[in-house]
Amino acid sequence: MKTDLKLDEPTQKKVYDVIFKYAKQSSDERQKLMAAGDRDAMRAKMTEITAARDKELKVILGDKNYKVFKTKESERRQAMMQQRQN
């Protein structure tokens, strides 16, 4: 990501901190909700967490870099889905 977005060191740190914070939160919530067997609640919570993460990232990255971030995120997701199918 840092290569694609061409971020300076302080901005990289901010982005890393936001992504790490929400990844930890997602993991914790996923474990709780999967243990309860409530997939719908888990999906809703993950959507909520992603929206909060994206809101923070958009402020840090600005519109242009945020769009690049979302495009690269989508490409990574597609690549993972293709690997699962193989």
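# Asking why, one helix at a time

Modeller: Let's start inside helix α3, where R43 and D40 sit three residues apart, so about one helical turn separates them. Keep in mind that this is a predicted model.

Colleague: Okay, and what makes R43 and D40 a salt bridge?

Modeller: The closest N and O atoms of the two are 3.7 Å apart. The rule asks for a side-chain nitrogen of Lys or Arg within 4 Å of a carboxyl oxygen of Asp or Glu, so R43 and D40 pass.

Colleague: Is D40 buried or exposed, and how do you know?

Modeller: D40 has 58% relative accessibility. The cut-off for exposed is over 50%, so D40 counts as exposed.

Colleague: What about E75 and K72, how far apart are their closest N and O atoms?

Modeller: Those atoms are 3.6 Å apart, and the pair forms a salt bridge. Like the pair we began with, E75 and K72 are three residues apart in helix α3, so about one helical turn lies between them.

Colleague: Why is E75 called partly exposed?

Modeller: Its relative accessible area is 44%.

Colleague: Which residues are linked with R53 and E73 in a network of salt bridges?

Modeller: D54 and K70 are, so the network holds R53, D54, K70 and E73, linked by salt bridges as the rule defines them. Across the model, the count by this rule comes to 11 salt bridges.

Colleague: Now the largest pocket. How do you know where empty space is left?

Modeller: Rolling a probe the size of a water molecule over the atoms shows it. About 440 Å³ of space lies in the largest pocket. R53 and E73 turn up again in its lining, which also includes Y22, F69 and M80.

Colleague: Which helix gives the most to that lining?

Modeller: That's α3, with nine residues. Helices α2 (9-36) and α3 (39-85) each supply at least two residues.

Colleague: How many lining residues are nonpolar, polar and charged?

Modeller: Six nonpolar, one polar and five charged. Arg and Glu count as charged, so R53 and E73 belong to that class.

Colleague: What does the secondary structure of the whole protein come to?

Modeller: Three helices and zero strands, in the pattern α-α-α along the sequence. The C-alpha atoms fill a box of roughly 40 × 30 × 20 Å along the principal axes.

Colleague: What share of the residues counts as buried?

Modeller: Of the 86 residues, 24% do. The accessible surface is about 6600 Å², with 52% of that belonging to carbon and sulfur atoms.

Colleague: Last one: why is Q85 called exposed?

Modeller: Q85 has a relative accessible area of 68%. That is over 50%, so the word exposed applies. Q85 is found in helix α3, and its C-alpha atom is separated by 23 Å from that of M34, 51 residues away along the chain.

Conventions
Residues are numbered from 1 along each chain as its sequence is written. This is a predicted model: local features need pLDDT of at least 70, side-chain atom pairs count only at pLDDT 80 or more; totals for chains, interfaces and linings use all residues. Side-chain values use heavy atoms; hydrogens and water are left out. On a 1 Å grid over the protein atoms alone, a cavity is a set of points where a 1.4 Å probe fits but cannot get out, and a pocket is an open set with protein on both sides within 12 Å along at least five of seven lines; lining residues have an atom within 4 Å of a point. Grid points are joined across faces, edges and corners, and a volume is the space filled by probe spheres set on the points. Helices (H or I, at least four residues) and strands (E, at least two) are DSSP runs, numbered from the N terminus. Buried means under 20% relative accessible area, exposed over 50%, partly exposed in between (1.4 Å probe, protein chains only). Accessible areas come from the Shrake-Rupley method with a 1.4 Å probe; for residues, only the protein chains shown count as cover.
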